[in-house]
Amino acid sequence: MRAKIIGTGSCLPDKIVTNDSLSAIVDTSDEWIQSRTGIQERHLVSSETETTLSMAVTAGQAALENAGISPTQLDLILVATVSSDFLTPSTACMVQKALGASNAAAFDINAACSGFLFALNTVDAYFQAGIYQTALIIGVETLSKLIDWSDRSTCVLFGDGAGAVVAKSSEEGMIACLQGSDGSGGDILICKSRTNNNPYIHTGTDLDYLYMDGQEVFKFAVKKEPECIHALLQQAGMQPPDVDYYLLHQANYRIISSIARKLKLPLEKFPSNVSHRGNTSAASIPILLDEVNRNGLLAEGNILLLSGFGAGLTWGAALLKW
Ligand code: ACO
């Protein structure tokens, strides 16, 4: 049995921040941001009630409604995030409580922007092993709290939000999946946790913010993601044109179009929302999936390829039948 996605949902904060608004905070411009990334605006949390948890719960509820599944039917909840509100309990356990999903085991996965794919692939493995049958998978980030808002090279790139899917154990759905990591590249996209303030190692209380070597991440993405897609298609005995839609991690439109070029495919096969969402890390693929689903783009039997890359370094992909 494999994972079949039977419902999708998403949640974005109310506040929309344009490139022009950011140019009032840092030395940047709409022209620079759009020409380098394709991003025009992003949603950012703007009140204490908008949190990683609140967005995860709203997206999860929407996915459950879309799937016609009640929370008590869930036996697994996985949340992919690097920006939990609490170190413990996990966001997944807090989602379980908020939804009343009393029969579900729940835990978080940290694989940065690849996190949703790692979670989907984990659910598929559980289903193949016959351990669980009905799962809620959420990708959620409030990256705005990890950003140095005086660093123009990163603060213009990211947005907040959550996306979710309900997956059911089924004869058809996931066709093939893969994931990989290269910890030796971890330094090019990094965010330290709090410094240790115990009385034996007093190093201060400064919190570090996200650091990214943009050009190295760019080079990694445009090399690794096509390799990953080719490897997955080979596993399934398929060719790039056999896929109806490629739903890629929404980091940068230049990366997406470079991958389309390398696969020799038209951009119509690559739905994108990065212009209005920015990079929402683990949330980007499930938010995009929810948007294309609710806009009626997907037909039963469509072949979808989901693929992403992120800090770690990590990469992952999933090929599935809708
Ligand atoms: N506005 C104006 N100028 C800027 C800005 C900005 N927001 N940011 C940087 N610059 C300047 C730099 O200071 C530099 O100026 P200098 O030449 O005087 O030193 C100049 O622009 C060029 O900077 P580069 O870093 O070389 O710009 P580049 O063309 O490489 O684009 C970018 C930067 C957009 C970050 C690109 O490298 C990129 O997209 N990388 C991939 C990023 C990514 O995908 N990250 C997420 C991956 S994983 C995850 O999702 C968490």
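Guide: Gladly! Contact means heavy atoms within 4.5 Å. Axes are lines fitted to C-alpha atoms, for helices over the stretch in contact, and angles run from 0 to 180 degrees between N-to-C directions. Helices (H or I, at least four residues) and strands (E, at least two) are DSSP runs, numbered from the N terminus. With those terms, helix α5 (residues 115–128) lies across β8, β12 and β13, at about 125° to β8. This is a predicted model, in which local features need pLDDT of at least 70 and side-chain atom pairs count only at pLDDT 80 or more, while totals for chains, interfaces and linings use all residues. Residues are numbered from 1 along each chain as its sequence is written, and side-chain values use heavy atoms, without hydrogens and water.

Visitor: Why is Thr52 called buried?

Guide: Buried means under 20% relative accessible area, exposed over 50%, partly exposed in between (1.4 Å probe, protein chains only). Thr52 has 0% relative accessibility, so it counts as buried.

Visitor: What makes the pair of Thr52 and Thr142 side chains a polar contact?

Guide: A polar contact is a pair of N or O atoms within 3.5 Å; within protein, one must be able to donate a hydrogen and the other to accept it, and residues adjacent in sequence count only if both atoms are side-chain atoms. These two side chains meet at 2.6 Å. The Thr52 side chain also reaches the backbone oxygen of Ser83 at 2.6 Å.

Visitor: How do you know that β12 and β13 pair?

Guide: Two strands pair if DSSP finds at least two bridges between them. Strands β12 (residues 303–310) and β13 (residues 314–321) have 8 bridges, in the antiparallel sense.
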